[in-house]
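Visitor: Hello! Could you show me around this structure and tell me how its terms are decided?

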Amino acid sequence: MKNFRLSALLCCVSLCGFAACSDDKTDDQPEPQAYQVTQFESSTIPASIPGEGGGYKLTFVIRTETRSTGATFEPWAYRLTLGDAVGDAVTVSKPTTEIAITIPPNRSKEERGVAVEMASGVKAETWTKIVEATQEGSLKDYQVTKFESTTIPATVPAGGGDYDVLFRLEVETRAAAPLFVAWQYRVTLGDAVGDAVEVTEPTEKIGIHIDASESVEERAVIVEMAEVAETPVWTKIVEAKQEAGRKEYEVTEFESTTIPASVPFAGGDYEVKFRTKIETRATPQFEPWQYRLTVGEAVGEPVVVDEPTESVAVHIGANYSEKEVDVIFETAAASQTPVWTKVVEAKQQAGMELLGGFYWTKSNVSVKNDRFVLADKPSDSGLFFRHESGYGVPSDEATYAGTAYTPAPVQIAIDAIPQNEGVDPCSLIDPALRMPTYAELSELYYGEDVQRTQDGVTGMGYTGVSLFLPYCGVMSTETGTSVGKSTFGGYWGLGGDFHGNGVIYSLNGEIGYSLLDYDAVGTNMAMVRCVRNVPQPKYVMHTLPETVDYKAFSLNVETDPGAFTYYDVTVWGDDGTFTQTGATDARPQVSVGIPKNDTKQDRTLRLFVNHIYTGVEFVQPAMTDYALYVSHTPASAEYGAFTLSVTCDSDMTSFPVVVKGSDGGEWSGTGSKENPTVEIAIPENTGEERTLSIWVNGVDTKKTVKQGKQVVQKPLSVVWSEGYLTVKDGAYTFAGPQSLGLYFKHNSKYGFALEVPVSGTSKYSGKVYGPDEAEMAYADIPVGEVDPCSLVAPVGTWRMPTEAEFQELIDNCEADNAAKTFVVEGNSLGFVASGIYYASSNKLMTPTYVMVWMSTPHDTKADYYKYMMWGTTTPKVAAGAIQDNSMMVRCVRAR
């Protein structure tokens, strides 16, 4: 038998003292005494004790007996027997009425007997059972939960997440009750130990949420499990690391921008720059943001930035309005309801300016990033174009390099660039723009103020506005060279003449004139300045007479004025016939008078509205039964009798020619197709000067002859040479009255000739006469050395005329603007159209004008000299041209 030490299992026993007595009544024995004896009374131990055991109580009573010998209290003992295990005896040496007994768990599947025994006396030799019971076995087959796996990664993201922990159930033989072993788990994040969560029924998976980390350091993630107990023993089943949720991050802040406070009207490409600063922030590492650009009333679409950036590119388009507009750049967090913060505020300059009722862009057409745009500044030249062409050529190239822009770059020969193809470069910038029409260019022409300089570039300014048109020069499609920058230039307009020569507005700062006309040269490239695309006047319909013959008639035209208040309606003929009338928004229906076709050829006529061809064309037949004036001689006469010879052209067998005098006199003659020249005797004029009008076949030819009165004309202060200065047979002399002379720089003895007839394409050949023939570059021809008139024999007799002498000629002598002649003391003094040869462009300009040097210098400019200019109107003294240019020279001498 195994000994079982009850001393390790029993609770302490409280004892009560008692007095001892003896029951021996003999004389030599102690007298009987009262003794305390312990007797079992009851127990809380049940008949069937649970397998896990427990604590119980035994109660006793104390009775008194009379004994002769022995102690006053009788000691006793008790012991506990569990199955075959007999516990150690526990002695009770003083009175007690209650003892506590703990019955341990039965670690067996089988039940066992439980007995409590007691015995009297110190030796406790005789044991008596006072309690008998049965204890159930505490070991059985139970389902026990075991850790299986987890979805928690070894490194948990800083933002946390939701994960699973999986378990399996195993069968074990374990102590009794309950059949399912309740357990618990907890999650520890860093130093924070989570609350225990009990699991009271079988489960194979639990969900675990790991919060986002708000730490700058990584932290441990631990999942533990334990059986449910007052002092549980925790077992780690998952160990991981969670990334730091707060780190050192780059945060974007606005720093600066290249957008100026005043944005140019042409717009441009700019940057908005940002700086990054370090912040400790929770994940994610980069916070997306967005920006938007507002220009005027147009709020741009937000652009999301989802990665770190130090700058964003911003394009601000041109401002095609007459008002400055707000430019605002804003940023906001990338959210559904963003709160926008202004980081840049600016004003964009107005891109257009009002002049003469039309809005003009402030700069020329240029190119940027394969797009036609407005140049950045008013002083920028932009691109050269041919008329109504989509090919632009850079103006900053002295010689064409072979690349034109459409606006994409293309390789094309300069002489292959098309013109009059109906392309408007302005509309390719924006449909809100177009090239100006003739009527709009007229407002520029009449609005000219004074020559100005901007950014070192010379150009034309306009009255009351800041509008500036730079002198951009021209580029020749024959040579590919650019000349005349800051000196002269041209600007194209929509439309053209009968032959398709484009409308052009020409400016010349060197000789001080401007011209709105048609490009008769056809080989130069010019600039384009745009206007707002308001509706243009347009053709609606026209009405012709039932019968159109050579006689004059009226053409009725109906137009739509669009946004224009005034514009021209023109009929142009292939023979140069030009007739027009003005239409207005209040009078869009007009009648255009078509003159008689006084030629022997059919005339083709075309209809233009605002100088743009409408597509309407009709034919006016050649005349019949005609007698046409051709010419007459003399142009004028002294007071004496003379014969007036009138030459006509006629298909008639007979026609009258009548000369009617302003004094009432009338003289006549008869001509025919065989004898078209009629000679009429005009008698001496005995009265005041009279005008003789020539009538042919009853029609006033508007040709007249002045017959002077019998007075002597006051002579001029000088005698004029009959023609221009030239060189013949190695000597200086004068050309015939109707011939060109040599072209001379001012006060140079060297002259040169141009091939006749002269034109805008005439070129210096390199040959000069001084008076001997020599080869010399144009730039090497000297100036300011000698008055070439003084070299005419006899030397020193002739000289160049002064301004006063030219003015005397203009003021005192009758001028014929068509023939370019003066009547000087009864004789005709003619001037042949010659133009001016430019040193800067090495070509002849305005070949249909008379231009002749004077000896008088410019009022203010050094190296400039005055000259006579005779164009389409009366002759006048021009302010001056630089002495390196070349013109005709007319000489004078003393009377």
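Guide: Gladly; let us start at the largest pocket, whose lining has 14 nonpolar, 11 polar and four charged residues. Nonpolar here covers Ala, Val, Leu, Ile, Met, Phe, Trp, Tyr, Cys and Pro, charged covers Asp, Glu, Lys and Arg, and the others, Gly among them, are polar. This is a predicted model, where local features need pLDDT of at least 70, side-chain atom pairs count only at pLDDT 80 or more, and totals for chains, interfaces and linings use all residues. Residues are numbered from 1 along each chain, and side-chain values use heavy atoms, leaving out hydrogens and water.

Visitor: Which strands supply at least two residues each of that lining?

Guide: They are β42 (488-496), β43 (502-508), β44 (513-518) and β73 (843-845). A strand is a DSSP run of E with at least two residues, numbered from the N terminus.

Visitor: Why is Tyr743 called buried?

Guide: Buried means under 20% relative accessible area, with a 1.4 Å probe and protein chains only. Tyr743 has 1%, so it counts as buried. Its place is in strand β65 (residues 743-745).

Visitor: What is Tyr743 in contact with, leaving aside its neighbours within four places in sequence?

Guide: Contact means heavy atoms within 4.5 Å. The partners of Tyr743 include Tyr750, Phe752, Leu844 and Met888.

Visitor: How confident is the predictor in the protein chain?

Guide: On the pLDDT scale, from 0 to 100 for each residue, the chain averages 88, and 93% of the residues score at least 70. Over residues 1-27, though, the pLDDT is below 50. Where pLDDT is low, the predicted coordinates should not be read in detail.

Methods
Helices (H or I, at least four residues) and strands (E, at least two) are DSSP runs, numbered from the N terminus. Buried means under 20% relative accessible area, exposed over 50%, partly exposed in between (1.4 Å probe, protein chains only).
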